[in-house]
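Could you walk me through this structure before I sit down with it?

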Amino acid sequence: MKESYSLVFNIKRYDPETRKSWFQEYRIEAGRILRFTDVLRKINKELDPTLSWNSSCEHAQCGSCSVVINGRPMLACELLVENAVEYFGTTTFRIEPITVAPALRDLVVDLEKAYDRVHRIRPFVINPSRNPNQGQEYRISPRVMERYLEATRCINCFCCATACISSHKGFIGPNAVIASLVRIMDPREDATEERLKLLYSNEGVYRCHTSMACSNVCPKNIDVAHFIGMVKDGDF
Amino acid sequence: MIIRSSENGIDKSVTKSLEMVPPLARYTRNLGVPFVISWAHRLSGVLLVIFMGFHIFTLSFLATPGAYADKMKIYRLPVLAFLEWALAIPVIFHALNGGRLILYESFRCRRDDVLLKWVTGLTILYAGILAVLVLMGNQNVSPAFFWFIAVSAALTTAYGLYARIRHTHHIWSWKLQRITGAFLLVMIPAHFLFMHLSPQVAKDVSQVTLRMQSMWIKLVDVALVASALYHGGYGLNSILNDYAASKELRAVGMAAIMAAMVVAAWVGIKLIVLI
């Protein structure tokens, strides 16, 4: 196993002042267990301090470092160099911003606009249901929780929305659908009818064509297509 | 980090076959086999809508039998006979894959790897059977009996789905798209099978006219045209809603699709009723 790799990063740049975009090539030596965020930081330090990219927690929990690598949406903070070389079978990587919102600069996209879709489904308890155990915490049985626990792992990285066959022009997005579904299946809320109005609208599940790319690319290994399938099955 | 491989859950042979086609390899690997299958479903659907328009246009010549007979002569060319057979591949693929989607979405069948194997296997089997029929020539099947069996099977399939989705919150247009899909899942492959079983009944102008005098056949053909046009129109509108950015463009596009489908339905149904 090699200790380091000579990498070629072809990164999509965007200058908001001139509104021009182009691909810029960076050649860099990187250790095998560096993450892609580390490599981007190395590029900033050694080659080009003007390259902009986004990250926050760098532990695959915030979803802010999502980029498209060789056509696959991924979290840059989670991808080790050696894993990328093995998976893609190359040391050349084409890196682009995710496509769910306009780019602000280089790999940084307008996450506020991306989050507008999630906010539309109101991802919080709208109408609390009556707690059967008054005066105590609301207890959810493991059997009920088991049905939607996997969906609660979603970090809104928008990888699923970027991969979706349906584009982003008329669809609230797979992550927004499952965020709404989590609330529907959560017994602490009683607002199913209100939520179903959006889910069964032209911007909802009718834009999903079960291409399952969402499940395939999800960094948290959520079977997104299964949860959207539950909505289509009309079980609520 | 575990990078979910496109081979996970999907039969490796299907994955490997798709990866042998260079333009598909990237998508198969990065977004999965079902993503590529979804595009194939979409493209085959568009192809079938275009063919349906052409088919209705060609059949409209039945009003003047001489002109129809002239048009049909062209199908005796081996190249066109081959293309006619080849068209059965997108037809059966679209039908079976539609069945797969119905099973996944409305019958909670989550073994998609198994379903994909069935879609692949049955597509090959159906295309093979049609090829044998093309080579064997006329089988002299009874139209009334053939369509009785086919319509019974199609109605059973459509009712099975209707019973499953009728109490859901889905909008009626989506339900109807699925129900027509289930109906056509049997009827369109049956239509192709019938044409290859009895080429003369399908192409000889006097035999076509004679067959279409039957009220039963008229009814079958009207149901086929109406459901195929609705299903195709809904599919085109769905593509428009996926990719058109503005509401105005969607509205204009939807109006254009509806107008085209109404005209095609008018031409097709008028022909069936008046012949």
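Predicted model: local features only at pLDDT ≥ 70, side-chain atom pairs only at ≥ 80, totals over all residues.

Chain A is assigned two domains, domain 1 (4–109) and domain 2 (111–233).

**How the two domains of chain A meet**

- Taken over C-alpha atoms, the centres of domain 1 and domain 2 of chain A are 28 Å apart.
- The contact involves 18 residues of domain 1 of chain A and 15 residues of domain 2 of chain A.
- On the domain 1 side that touches domain 2 in chain A, strand S3 (66–69) and strand S4 (72–75) each supply at least two residues.
- S4(A) gives the most to that side of domain 1, with 4 residues.
- By residue type, the side of domain 1 of chain A that touches domain 2 comprises 11 nonpolar, 5 polar and 2 charged residues.

**Strand S1 of chain A and its partners**

- Strand S1 (residues 4–15) of chain A runs antiparallel to strand S2 (residues 20–31) of chain A, and 12 bridges join them.
- In this pairing, A:Asp15 stands opposite A:Lys20 in S2(A).
- The hairpin of S1(A) and S2(A) has 4 residues between the strands.
- S1(A) is also joined to strand S5 (residues 92–97) of chain A, by 4 bridges, and these two run parallel.
- Here A:Ile11 stands opposite A:Ile95 in S5(A).

**Two positive phi angles in chain A**

- Most residues other than glycine have a negative phi, which makes the next two residues worth a look when you browse the backbone.
- A:Arg19 has a positive phi, near 55 degrees, and is placed in the loop between S1 and S2 of chain A.
- A:Met212 also has a positive phi, near 65 degrees, and lies in the loop between helix H7 (192–199) and helix H8 (213–217) of chain A.
- A:Met212 counts as buried because it has 29 C-beta neighbours inside 10 Å.

**Helix H6 of chain B**

- Helix H6 (residues 88–106) of chain B has 19 residues and reaches 26 Å from its first C-alpha to its last, close to the 27 Å expected at 1.5 Å a residue.
- H6(B) is mostly covered, with 16 of its 19 residues buried.
- Just after H6(B), B:Arg108 takes a positive phi of about 55 degrees.

How values were computed. Residues numbered from 1 in each chain as written. Chains lettered and ligands numbered in written order. Domains from an automatic or database assignment. Contact = placed C-beta atoms within 7 Å. Nonpolar A, V, L, I, M, F, W, Y, C, P; charged D, E, K, R; others polar. Expected span 1.5 Å × (residues − 1). Buried ≥ 20, exposed ≤ 12 C-beta atoms within 10 Å, placed from the backbone. Pairing = 2+ DSSP bridges.
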